[in-house]
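Work through the exercises below with the sequence and the structure open. Try each task before reading its solution.

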Amino acid sequence: MKTIYLVRHASAAGQPEDSPLTEQGRKQALALVDFFKQKEIDIIYSSPFKRAIDTIKPLSDSRRIRVLEDDRLGERVLSTVNFEDWRDKLKQSFEDFKLVFEGGESHSAAMNRAKTLIEDLLCSEHDHILLVSHGNMTTLLMRYFNESFGYDCLMEMTNPDVFELVVSSEETMLNRIWDDRI
């Protein structure tokens, strides 16, 4: 049996890869230390984006667990074009997984990244794994186990957010466990 924690990064100052956490985001990152206090963690993987690394750094420091950066956890780029109706475009991409906007990545391609990561983790020796990613990618990671996760799930997520996946040979249980009152 494996337990995988999926963490969406804390509140950030923007979408570029180098966007830092906001003051609220830094407080949220510290709150994750207490949140995970009673939970076992063997290994931590993170998107290489600054907001993801900064979200988990206080926890990794407190546990003395090195964060392993993995490009497969990087956010899916919708497009290099700045769409005013980006939510509509994002929704369209959930309806058509092969849809690609200029300079962007299809959901199908991002889903393949998620699939290879999950398959690697399920074969690994670690039983308590923490992954830090972004809203769209976290949704796709959950979709690997339950196809009902999509656009609406993404729009309901908070920054941060935490989901717990318990995977056994008999079943997979997926629960949102974050209390977003912080």
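**Exercise 1.** With which residue does Lys89 form a salt bridge, and how far apart are the closest N and O atoms?

Solution. The model is predicted, so local features need pLDDT of at least 70 and side-chain atom pairs count only at pLDDT 80 or more, while totals for chains, interfaces and linings use all residues. Residues are numbered from 1 along each chain as its sequence is written, and side-chain values use heavy atoms, with hydrogens and water left out.

Step 1. Recall the term: a salt bridge is a side-chain nitrogen of Lys or Arg within 4 Å of a carboxyl oxygen of Asp or Glu.
Step 2. The partner of Lys89 is Asp85, and their closest N and O atoms are 3.4 Å apart.
Step 3. Check the cover, where buried means under 20% relative accessible area, exposed over 50%, and partly exposed in between (1.4 Å probe, protein chains only). Lys89 is buried at 17%, whereas Asp85 is partly exposed at 32%.
Step 4. Salt bridges can also share partners: Asp70, Arg72 and Asp120 are joined in this way into one network.

**Exercise 2.** Are Lys37 and Asp34 buried or exposed?

Solution. 
Step 1. Lys37 has 52% relative accessibility and counts as exposed.
Step 2. Asp34 has 52% relative accessibility and counts as exposed.
Step 3. The two form a salt bridge, with 3.2 Å between the closest N and O atoms of Lys37 and Asp34.
Step 4. In total, the structure holds 10 salt bridges.

**Exercise 3.** How many helices and strands does the protein chain have, and in what order do the elements run?

Solution. 
Step 1. The protein chain has 6 helices and 6 strands.
Step 2. Starting at the N terminus, the order is β-α-β-α-β-α-α-β-α-α-β-β.
Step 3. Of the 182 residues in the protein chain, 49% are buried.
Step 4. Along its principal axes, the C-alpha trace spans about 40 × 40 × 25 Å.

Methods. Helices (H or I, at least four residues) and strands (E, at least two) are DSSP runs, numbered from the N terminus.
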